Structure formats: C-alpha cells, structure tokens
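Me: I've got a structure open and I'd like to learn how to read a few of its features. Can you walk me through them?

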Amino acid sequence: MAQARWCCCSWLVLLCACAWGHPKPVDLRGEDVRNCSTSPPYLPDTAVNTTAQLIALRQQMLTWKLSAYIIPDTDAHMSEYIGKRDERRAWMTGFTGSAGSAVVTMGKAALWTDSRYWIQAERQMDCNWELHKEVGTSPIVKWFLAEVPDGGRVGFDPFLFSIGSWESYDMALQGSGIELVSITTNLVDLVWGSERPPVSNQPIYALQEAFTGSTWQEKVSAIRSQMQKHHKAPTAILLSSLDETAWLFNLRGSDIPYNPFFYSYTLLTNSSIRLFVNKSHLHSETLQYLNFGCTGPMCVQLEDYGQVRDSIQAYASGSVRIWIGTSYTTYGLYEVIPQEKLVKDPYSPVMMTKAVKNSKEQALLRASHVRDAVAVIRYLVWLEKNVPRGTVDEFSGAELLNKYRGEEQFSSGPSFETISASGLNAALAHYSPTKELYRKLSTDEMYLLDSGGQYWDGTTDITRTEAYTRRMVEAFARRALWDVGLNYGHGTGHGIGNFLCVHEWPVGFQYSNIAMAKGMFTSIEPGYYQDGEFGIRLEDVALVVEAKTKYPGTYLTFEVVSLVPYDRNLIDVSLLSPGQLQYLNHYYQTIREKVGPELQRRQLLEEFTWLQQHTEPLSARASPAASWASLLAVSTLAILGRSF
C-alpha cells in the first residue's frame with residue numbers, strides 16, 4: 001500500500017446552546033433485579049429458570065468426562081450478529097445481552113460480561129448463575145484455577161473459538177494441570193435438541209449485476225492473481241467469514257439478522273472453487289449463475305456445509321499451503337491444518353480487497369445514502385410535530401423509522417437494531433428499547449438516534465442527537481475531550497459494506513485496523529456519555545478520497561456521504577473557525593443539492609421545506625450565554641501529517 005499523509009480536513013464544531021439545568025430524569029426502565037441472598041431468593045418475572053438445561057448439560061459433561069464446559073456468545077464464523085440457533089449462551093443462561101461468556105462446572109455456573117449488561121443479567125438470570133463483572137480470558141482462567149481440580153478437563157466447541165481465543169486459554173492454562181479439550185460435538189446443541197431453532201429456509205440469491213462492482217468471475221480471478229504473486233506460494237485460500245463468501249460470489253441470504261448472509265465456507269485454489277453451503281437453499285437459477293455442474297476452473301463445486309472440517313483436513317494431507325485470515329478462522333478448522341502448511345495473515349485477501357470500493361461500488365453506496373436520508377428526514381419531521389404532544393416513545397419511534405426505511409427503493413431491512421434513546425438511556429452507548437422497556441421522548445431531554453438500513457446498493461449507519469459534543473478522529477477526536485478531562489468508551493469509527501456488514505473490518509481507527517486508503521468507507525462517530533444523565537453521539541459515513549493540495553506527495557481526506565443536517569438550533573457558531581463554518585455550509589449545500597431534488601420528485605413538500613430551513617447557511621455571530629454544558633463542546637475533525 002502506498003505511503004500517504006492525511007491533510008487537514010476541516011469538520012465542524014458544535015455546541016449545545018440549550019440549558020441542561022432541568023431535574024435529573026427518572027429511569028423508567030426499572031431495575032427489578034434478582035436477590036439471591038434472601039431465603040427464598042427473589043427472582044423478577046424476567047428471570048429464566050435454567051435448572052433443567054443445567055442438569056442436562058452436566059449429564060453430557062459426565063459422559064465426556066469434563067470438569068467444566070465453556071459456552072461463548074458467537075457462531076462458527078465469528079459473526080457480529082448471530083442467528084437464533086446459535087444463541088447457545090442465551091438459551092443456557094437466560095441472559096440475552098450481545099456480549100458475555102458462560103462456564104458450567106459440576107457444581108457451579110458463571111457468566112462474565114461487561115458493564116453495559118450487568119443490570120440486564122441480574123434481571124434475566126436465576127440464582128443458578130454467578131455474575132462476574134469482568135471480561136476476557138484472564139478472569140475466566142483465574143476462576144478455573146479455583147474451581148477445577150488438578151487433572152480436570154475443560155471442554156469447548158472449537159468452531160466457537162477464534163484462533164486467538166484458543167491461544168489465550170491454552171497459554172494461560174499451561175502448567176496448571178488443567179487440560180483444554182476440543183470437542184466438535186456441541187454439548188449445548190445436544191441438550192437443546194429439537195427445541196433448537198432451525199436454519200432459515202430462505203433461498204440464497206444472486207445480486208443483480210446493477211448492484212455489484214464486479215462479476216464474481218472477475219473477483220475470483222483477482223484473488224487468484226494475489227495467490228500467484230504471494231511469496232509463500234499458497235495453493236488455496238480458505239474463507240471463513242460469511243461476508244467473504246457473500247462478497248466473492250455476489251450472493252446474499254437471510255441466515256443472520258441484520259446482515260444478508262448465509263452459512264458458508266469457500267476453499268479457492270488456482271484450478272477449483274469449492275463452496276460449502278446448504279445446497280437446498282440454492283435454486284436452479286442460482287446454480288446456473290455459479291456454473292455448477294461443469295469441471296473448469298470457473299465452475300463452482302458445491303459441498304455440504306457440515307463437511308467442511310473433513311474436506312479441509314483431507315485437502316491439507318496433500319502437498320499444499322492454505323492461506324487463511326486468522327481473525328475469522330476458527331480453531332475448528334485451524335487445528336486440522338498442519339502448521340507448516342499454513343500461510344497466515346490477520347485478514348484474508350478477500351477481506352482486504354473488499355475494503356477498497358471501486359468507482360461503481362462507491363456510486364452505489366452514495367445512492368443508498370440519498371434514499372436513506374429521505375427516510376431519516378421524514379422521521380425527524382414527524383418527531384418535531386409529535387414529541388411536544390408527549391405521544392412518542394423510544395420503541396414506537398424506532399419502529400416508525402424502520403417503516404420509513406422499508407418504504408425506500410431496494411430496502412432489505414435495518415442494518416442493526418436501532419438505538420433510540422432519550423435522556424439518561426442515551427448514556428448507555430448501545431442501548432435499544434423493547435416493547436416492554438422504553439422511555440417517553442421529551443422536549444426537555446436529548447434524544448440519541450443511531451440507526452441504519454440495508455439496501456441492495458449499500459449499507460447505511462447514521463447517528464443524530466439533539467445536542468452535540470466535542471468530536472474528532474480517534475486520538476485527535478479524543479483530545480478535545482481529554483483537554484477537559486473527558487473521553488468516550490467506544491471506537492471512533494468502523495468500515496461499512498455494500499449490502500454487507502454495517503461494521504466491516506478491517507477498516508477503522510483502532511490500533512488493530514489497517515491503514516486507510518483511497519476508496520474505503522468509514523464511519524466517524526465520537527461521543528460523550530454522562531452516566532445516569534445523557535448521551536451524545538454524532539455519526540457520519542465518509543469515503544476516503546485523495547485531497548487536492550499544492551504540496552507534493554499523496555494526501556487523503558474524507559468525503560461525507562451521510563446526508564442529514566445537524567440540528568442548527570444547537571450549534572453555537574461563535575465556536576466555529578472561519579474554515580469550519582465554511583465546511584459546514586458547504587456540507588449543507590451538498591445536502592440540498594443531493595437530497596432536495598429527491599424530496600421534490602416524490603412530492604414530499606413538507607420534508608423539502610424542512611430541509612431548506614435546516615440547511616440555511618450559517619453566519620458568524622455572537623452566541624447567547626450558554627450553560628455549563630457548553631464546556632463539552634466539540635472541536636475540529638483533523639488528522640495532521642500522519643504517515644502510513
């Protein structure tokens with residue numbers, strides 16, 4: 001990848017001009033939690049009785065001569081979102097939070113999760129379970145050392161362990177007298193039995209050519225070319241992440257919530273293509289599309305999804321070298337490939353290639369953001385009319401926004417569960433309301449809306465808040481908050497796909513992400529959260545483009561493709577530099593030019609009028625006196641002179 005430097009990219013400085021001196025809101029979510037110290041223990045109605053499944057699991061553990069069994073919260077592809085049939089930890093524990101690991105011994109059961117979910121766990125788990133308010137391998141291993149006898153066996157499903165997770169446990173348990181045992185038969189599945197949800201019966205389908213950047217044959221040829229140029233001469237590439245196979249073949253499915261994926265693996269060599277999949281989900285037109293039934297190097301051979309381990313093991317017995325991305329390959333496949341036959345990189349060549357969008361893919365993503373902006377603007381207009389009436393709550397609002405998005409052309413549902421949070425609920429960075437637990441929206445509180453849509457031409461993710469705070473990119477983004485002793489506890493941004501993952505690795509601003517390059521899309525989403533009071537986040541999706549400067553060398557900057565204006569009533573223009581003010585007004589003009597005609601074409605005249613009002617050019621002026629919260633105001637988004 002070519003060396004590049006970031007030019008100074010003016011962003012914006014926003015300030016909450018409203019006074020936040022109103023009384024602290026009451027938490028309407030409730031905290032009716034279990035109390036296991038009383039006799040009998042107190043359990044709320046939300047707690048799940050897990051006695052039967054624990055008895056059954058321990059019986060299986062006896063059969064396998066295990067002292068403990070680990071139950072992670074993932075699937076066989078390290079997916080961010082998992083299907084109902086893969087929610088093993090939730091079924092065993094009753095706890096439905098998206099992060100957490102469970103362990104069962106013959107006498108105890110324990111769950112480890114982070115602070116986002118402590119109250120939820122106390123509400124959902126019965127007293128069979130201990131709650132450990134820590135995450136990571138180390139606290140679980142420490143617990144093993146106290147609870148598992150010398151010579152004990154700790155079982156795990158290798159298809160639910162990343163290579164890194166297995167290495168962490170294996171290293172930590174060395175010399176402890178405790179054996180880590182890989183068992184490909186999942187014991188929770190045995191206990192779950194016929195009650196386990198089935199795989200989706202929805203078909204796997206090919207995207208129309210209009211919605212793809214390249215044909216699948218062109219993609220296969222490009223990846224093979226990378227194999228041939230690799231200095232370690234791999235003979236095959238193994239793809240384990242679901243978005244890799246979906247991208248490579250321009251195929252989509254419905255096995256995973258929020259992501260248009262299907263359970264699959266791919267083994268690509270210079271002369272063959274082997275797709276491991278549920279064959280019954282492929283209709284005749286899709287089989288024809290894949291050139292199924294022929295024997296040439298561009299003919300796809302179909303193999304049963306459940307046979308991937310045996311097939312990889314058989315292939316690895318020959319004179320071969322298999323190229324893998326270690327971030328998404330599970331130990332279930334890794335352990336059957338001899339180490340000397342592995343070519344390892346953090347990410348596969350498919351993951352790296354799809355991170356950089358070609359010109360057609362860029363145009364598709366831009367188009368999806370125009371339609372998405374229409375849906376969000378319709379919702380914001382509706383909010384302005386209905387919140388003062390006191391008739392809107394977090395859940396009904398999120399449902400309405402999903403409805404508006406569903407009415408857009410090429411819509412294929414939300415890209416993640418909408419974060420619709422008012423007042424103190426917005427202080428929980430990943431809070432989402434439910435039918436039972438929600439808060440009313442009020443003109444006296446900030447409202448944070450983080451949402452996105454899946455469209456055949458792109459994936460969207462946008463956040464707007466009724467008040468904004470200091471924002472920049474990663475260390476630079478955090479510096480403005482650090483200056484006043486503040487920070488935020490989530491990543492500054494993430495990659496985004498073309499009708500793929502809303503959080504698409506390896507693009508982003510964390511240390512483990514790859515260097516930015518022209519053609520990548522990333523979100524930029526700093527925020528600030530005051531526990532128990534409010535939360536603020538502002539998120540846009542931006543394309544990395546070459547910057548035009550008078551200086552020699554290659555420079556990169558951002559082109560924002562999210563097209564929803566910020567709440568102008570909450571912007572203190574006195575904090576904006578001339579360059580920042582110019583940037584903001586240019587952004588507003590762009591929104592007018594791209595979204596305005598679409599609103600007019602559809603005769604959405606009320607929304608068009610709203611857009612015109614909310615994108616009027618801002619001019620420098622003295623601001624009225626601001627509250628203490630003004631000290632939390634934002635500074636510029638810029639990265640200066642950073643080399644890659």
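This is a predicted model: local features need pLDDT of at least 70, side-chain atom pairs count only at pLDDT 80 or more; totals for chains, interfaces and linings use all residues.

Me: Which residues line the second largest cavity, and what classes do they fall into?

Reply: Its lining includes Leu238, Leu239, Glu244, Tyr328, Pro346 and Met351. By class, there are six nonpolar, four polar and one charged residues.

Me: And what lines the largest cavity?

Reply: Among its lining residues are Phe211, Lys219, Trp247, Asn250, Arg252 and Glu361. That lining divides into three nonpolar, four polar and three charged residues. Hold on to Asn250, one of the lining residues, for the next topic.

Me: Okay, backbone angles. What should I look for?

Reply: Most residues other than glycine have a negative phi, and most peptide bonds are trans. Asn250 has a positive phi of about 55° although it is not a glycine. You'll find Asn250 in the loop between helix H8 (242–249) and strand E10 (251–252). Phe410 also has a positive phi, near 70°, and sits in the loop between helix H14 (394–406) and strand E16 (411–414).

Me: Is Asn250 buried or exposed? What about Phe410?

Reply: Asn250 has a relative accessible area of 3%, so it is buried. Phe410 is at 25%, so it counts as partly exposed.

Me: Where are the cis peptide bonds?

Reply: One runs from Ser39 to Pro40, with omega near 0°; Pro40 is in the loop between strand E1 (5–6) and helix H1 (51–63). Another joins Trp505 and Pro506, with omega about 10°, and Pro506 belongs to strand E23 (residues 504–508).

Me: Last one: how do I read helix packing?

Reply: Look at the angle between the axes. Helix H16 (residues 578–601) and helix H17 (residues 605–614) pack at about 170°, with axes 10 Å apart. The angle is over 145, so H16 is roughly antiparallel to H17. Their contact includes Tyr588, Ile591 and Leu599 of H16 and Phe608 and Leu611 of H17. The contact residues divide into six nonpolar, four polar and two charged.

Notes. Residues are numbered from 1 along each chain as its sequence is written. Side-chain values use heavy atoms; hydrogens and water are left out. On a 1 Å grid over the protein atoms alone, a cavity is a set of points where a 1.4 Å probe fits but cannot get out, and a pocket is an open set with protein on both sides within 12 Å along at least five of seven lines; lining residues have an atom within 4 Å of a point. Ala, Val, Leu, Ile, Met, Phe, Trp, Tyr, Cys and Pro count as nonpolar, Asp, Glu, Lys and Arg as charged, and the others, Gly among them, as polar. Axes are lines fitted to C-alpha atoms, for helices over the stretch in contact, and angles run from 0 to 180 degrees between N-to-C directions. Helices (H or I, at least four residues) and strands (E, at least two) are DSSP runs, numbered from the N terminus. Angles under 35 degrees count as roughly parallel, over 145 as roughly antiparallel, 65 to 115 as roughly perpendicular and the rest as oblique. Contact means heavy atoms within 4.5 Å. Buried means under 20% relative accessible area, exposed over 50%, partly exposed in between (1.4 Å probe, protein chains only).
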